[in-house]
Structure formats: structure tokens, C-alpha cells
Amino acid sequence: MVTIPLPLPDRCLSPNARSHWAVRSKAAKRLHSVAYCQTAEALHDLKVHGGTISKLDFKSAATIGVRCRWVFRDRRRRDADNLLASMKHAFDGIAQALGVDDRVFV
């Protein structure tokens, strides 16, 4: 299992948000970039510490299990569907770093 810590997605990336397209685009690119860099760093750390995971291992996988866990500072209730949808650009960045298409994520 590989853990990739990411910041919470910007509110404007929520499917219910009504934000300007330029603001949304900038936030999406930022989240994609952070996810890509964090994934690449996690893979590098695995290789350095004797792990055998490589991009080829991920390319041959039919599915890759992904689990999201969000940590908030307060106890307000959040809509899990919107949180998952707002992570779309993070999943794209992770998939790019792994060298796979994000449709293999389960």
C-alpha cells in the first residue's frame, strides 16, 4: 500500500460550486500538480527503501484499489459524493505519475 498525502481540494472544485472558470481551472491545475508530485515522491521513496514497485507493475494491473480518507478540523458533516468528485484532478495527477489511465482505479 502506498500512502499519498494530499491537501483538501479547493471549494471551487466541488460539483455544486458556481465559480468562475478561470478560478476553477487554476485550482484544478494546482491539485493535479500536487497529486503528481506527491505520487512521484512516494514512488521514489519506495524504490530508495528497497521496494520493488515500478511503473510497469502498475501498467499491468487490471485494477488499482484507491481509498480516500479526509481529515477535517471540525465535526461538520460533508457530502462524500461531492468530496470524491472534487478529487477528480488529483486522481488524474496520480494516474499520470503511475503511468496508467485513471479508469483502472476502483
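Leaving aside neighbours within four places in sequence, D92 is in contact with H32 and D102, where contact means heavy atoms within 4.5 Å. D92 lies in helix α4, residues 88-98; helices (H or I, at least four residues) and strands (E, at least two) are DSSP runs, numbered from the N terminus. The model is a predicted one, in which local features need pLDDT of at least 70 and side-chain atom pairs count only at pLDDT 80 or more, while totals for chains, interfaces and linings use all residues. Residues are numbered from 1 along each chain as its sequence is written, and side-chain values use heavy atoms, with hydrogens and water left out.

**Helix α4 and residue D92**

- D92 counts as buried because its relative accessibility is 19%; buried means under 20% relative accessible area, exposed means over 50%, and partly exposed lies in between (1.4 Å probe, protein chains only).
- Helix α4 as a whole is mostly covered, with eight of its 11 residues buried.
- The buried residues of α4 are A90, F91, D92, G93, I94, A95, A97 and L98.
- Just after α4, G99 adopts a positive phi of about 80°.

**Salt bridges**

- Side chains of opposite charge can pair when their charged atoms come close.
- The whole structure contains five salt bridges, each defined as a side-chain nitrogen of Lys or Arg within 4 Å of a carboxyl oxygen of Asp or Glu.
- One of them joins the side chains of K88 and D92, at 2.6 Å from N to O.
- K88 and D92 are four residues apart in helix α4, so about one helical turn separates them.
- Another salt bridge links the side chains of R78 and D74, at 3.0 Å from N to O.
- R78 is partly exposed, with a relative accessible area of 32%, and D74 is also partly exposed, at 34%.
- R103 forms a salt bridge with D101, and their closest N and O atoms are 3.0 Å apart.
- In that pair, R103 counts as exposed at 70% relative accessibility, while D101 counts as partly exposed at 37%.
- Salt bridges with shared partners join D74, R76 and R78 into one network.

**Nonpolar core**

- The largest nonpolar core has 18 residues; such a core is a set of buried Ala, Val, Leu, Ile, Met, Phe, Trp, Tyr and Cys residues joined through side-chain atoms within 4.5 Å.
- The elements that give two or more residues to this core are α1 and α4.
- The residues with the most contacts inside the core are L13, F58, I64, L98, V100 and F105.
- L98 is also listed among the buried residues of α4.

**Pockets**

- Rolling a probe the size of a water molecule over the atoms shows where empty space is left.
- A pocket is found on a 1 Å grid over the protein atoms alone, as an open set of points where a 1.4 Å probe fits, with protein on both sides within 12 Å along at least five of seven lines; its lining residues have an atom within 4 Å of a point.
- The largest pocket has a volume of about 820 Å³, a volume being the space filled by probe spheres set on the grid points, which are joined across faces, edges and corners.
- The lining of the largest pocket has 26 residues, of which V2, T3, I4, V66 and R67 lie nearest its centre.
- Helices α1 and α4 each supply at least two residues of this lining, and the largest share, three residues, comes from α4.
- By class, the lining of the largest pocket has 21 nonpolar, three polar and two charged residues; Ala, Val, Leu, Ile, Met, Phe, Trp, Tyr, Cys and Pro count as nonpolar, Asp, Glu, Lys and Arg as charged, and the others, Gly among them, as polar.
- The second largest pocket holds about 430 Å³ of space.
- Its lining has 16 residues, and P9, R11, F72, R78 and L83 lie nearest its centre.
- The lining of the second largest pocket divides into four nonpolar, four polar and eight charged residues.

- M1 is in the segment before α1 and is exposed, with a relative accessible area of 89%.
- The C-alpha atoms of M1 and A85 are separated by 23 Å, and these residues are 84 apart along the chain.
- V23 belongs to helix α1, residues 21-48, and is partly exposed at 46% relative accessible area.
- V23 and V2 are 21 residues apart in sequence and 31 Å apart in space, C-alpha to C-alpha.
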